[in-house]
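The sequence and structure are shown first.

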Amino acid sequence: MRDKHLPKHTGLWTDGTHEILNGHNSGLNMKEVTRHVVFLLTFLMGSSGGIELNSGYCLGTQCFSVSGDPSDFTTARDQCRDRGGHLMTVRSSVSQDILNILLGNITGRFWIGLHLPAGCPDPAADLRGFQWVTKDSESDFLHWAQSFDSSCSAHACVSVSKEDDFKWTQEPCAEHAAGFLCEYSFSDPCRGLAAAEGESVLYTTPMGFMGEDLLSLPLGSTAVLMPAETNYVCFNEEWIQAPWSCEIHEGGCEHKCTVNPNHESTCYCPPGQTVNPANNVTCEVMVDDPCLPLRCAHACIKNGDSYECTCEQGYKLAQDGRSCVDLNDCRDERQCPGENFVCINLIGGFQCVCMDGYAPIGDQCVDVDECASAPCEHLCDNTLGSYACSCYDGYRADPKSMHKCKLHCGVEECPAECDPNDKFQCYCPEGYISEERGEHTVCIDMDECENLYCNQACKNTFGSYVCSCYPGYTLFDEYTCVKYEDGTDGGSGEGTTPSIPTAPPVPHPDPTRQPSAVTVGGLVGIIVCTVFFIVLVVFLAHHTLSGKGKLESNGDMKAAEEEAHGLQTVASDA
């Protein structure tokens, strides 16, 4: 079966669906087709997760079902709502009789759609302050238990059980009951199929329960007439016999469904079996299988008095008459109707997804507000399917990352961007240097050409610079000029190959990496450090010179003592 992203059914069925169910889909509005297919796929392919449906009953244009899934009140309410209904409202004696039928042989407590929305119970009111989940208080039938609690601390949800004669009993909403009862409303019901003597009909409703004695069935119900095993589906108060459209539950076929050369849905069976001609949907064993010699890759169908190969949905028959190749379903513009959808072809099918910048909401692709996730550093403007970033005044988008912003001046001189809490902490755009002027700081364009960044010619620009070359040279790596091999001495050099040096060029400094400013605090620090260093040097010099003077004085005194001692010795000898 084709893998398709299908929107939820939201509208009434149209006459075109009758053709679809009969397997004729040429010339139809595909949007309507999609809506109808979804309804049947949703309900015929199985019940929603977590719900165990036991039994049900339909009357007129309403169906009631009982689920044996233990749940609290909120979970039970949500599960009924997810299936297109609501918790059962027992407004009349007829509803009470149906409740008795559904729970007649079941024990345990089951939630119904009656609860106290807020405040305290009102013993004087019919529903005693309680309300149906349909948000109204109308009721022709009351069945309260004698143990009703009218205090403000009373339990706010209601359950019923066989043990209490199905009296409306207050229960804590968070408590897990044995199950719950759901109620569904519908239009265009089908009456039960007429069965001849010896025949019986087994019905399956979109709500998931089955039965043989249902007299009124909703849209999408199926019926199997036994013993012939003929399948039917309910649509617009009529029973459509299988095979219907292959898009819907394999056309009602026991094995698989395909489209024959006449664009009609037809069933086929696995090798060794053939379609039962009595019902055209079930498979039966075939003694001599005429399809075996054909060696069909996918399927074999009977066409008149002969047999031929055919392919599953999403494929087409190859030229050899037996192989199957993928069919690009996206060539049909009707496959993904609606605005902002795009079709993606898959092997054996296709998928309808939303375009970039859109998300599926129901059966539509709705624009996603990317700005809600704050992708831009400054300003964000949401657009259809995208968004655009912009910057505050004095900034421009960063070419390396367009969702970020960088300071921008664009003229020779402009005010610096200063911290409002620290006026000495100022910033300038790249290619500018700050200068203090009284109580203000300005940014002045820096002439990078004075630093000889370019190999030949240089032109200063606001916040940057541009290198160029003399005639006969071409610019390489934004800085270096390379001479042409053919020796031309002029012109732009177009059409020639530059001689690129084998050794890597000397890297040039980035002209915008120079410091943008020296703050006043930094300047004061430099001055203090310099003064401290000078004082330290003077102190050390003074200490050194003082030490040297003492050494010289001590030396002179020692020499004088030695000389006096010598004179004394000479005098003694004399």
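## Disulfide links in the predicted model

Both cysteine 354 and cysteine 365 are buried. The model under discussion is predicted, and the two residues are joined by a disulfide with an S to S distance of 2.0 Å. The torsion about the S-S bond of cysteine 354 and cysteine 365 is about -85 degrees, so this disulfide is left-handed. Cysteine 354 belongs to strand β25 (residues 349–354) and cysteine 365 to strand β27 (residues 364–367), so the pair ties together parts that are 11 residues apart in sequence.

How many disulfides does the structure hold? The structure holds 23 disulfides. A disulfide is a covalent bond between the sulfur atoms of two cysteines. Three of these links are described here, including the one above; their values are set out in the table.

| Pair | S to S | Torsion about the S-S bond |
|---|---|---|
| cysteine 354 and cysteine 365 | 2.0 Å | about -85 degrees |
| cysteine 428 and cysteine 443 | 2.0 Å | about -90 degrees |
| cysteine 454 and cysteine 467 | 1.8 Å | -80 degrees |

A disulfide also joins cysteine 428 to cysteine 443. Its torsion of about -90 degrees about the S-S bond is the reason why the disulfide of cysteine 428 and cysteine 443 is left-handed. The pair links distant parts of the chain: cysteine 428 is in the loop between β34 (422–427) and β35 (432–437), whereas cysteine 443 is in strand β36 (residues 440–445), 15 residues apart. Cysteine 428 and cysteine 443 are both buried.

For cysteine 454 and cysteine 467, the S to S distance of the disulfide is 1.8 Å. The link of cysteine 454 and cysteine 467 is left-handed, with -80 degrees about the S-S bond. Distant parts of the chain are again linked by this pair: cysteine 454 is in the loop between β36 and β37 (457–461), and cysteine 467 is in strand β38 (residues 464–468), 13 residues apart.

## Aspartate 213

Aspartate 213 is located in the loop between β11 (210–211) and β12 (216–217). Because its relative accessibility is 62%, aspartate 213 counts as exposed, the cut-off being over 50%. Aspartate 213 and glycine 192 are separated by 21 residues in sequence and by 8.1 Å in space, C-alpha to C-alpha.

Notes. Residues numbered from 1 in each chain as written. Predicted model: local features only at pLDDT ≥ 70, side-chain atom pairs only at ≥ 80, totals over all residues. Heavy atoms only, no water. Helix = DSSP H or I, 4+ residues; strand = E, 2+ residues; numbered from the N terminus. Buried < 20%, exposed > 50% of the residue type's maximum accessible area, 1.4 Å probe, protein only. Disulfide = S-S within 2.5 Å.
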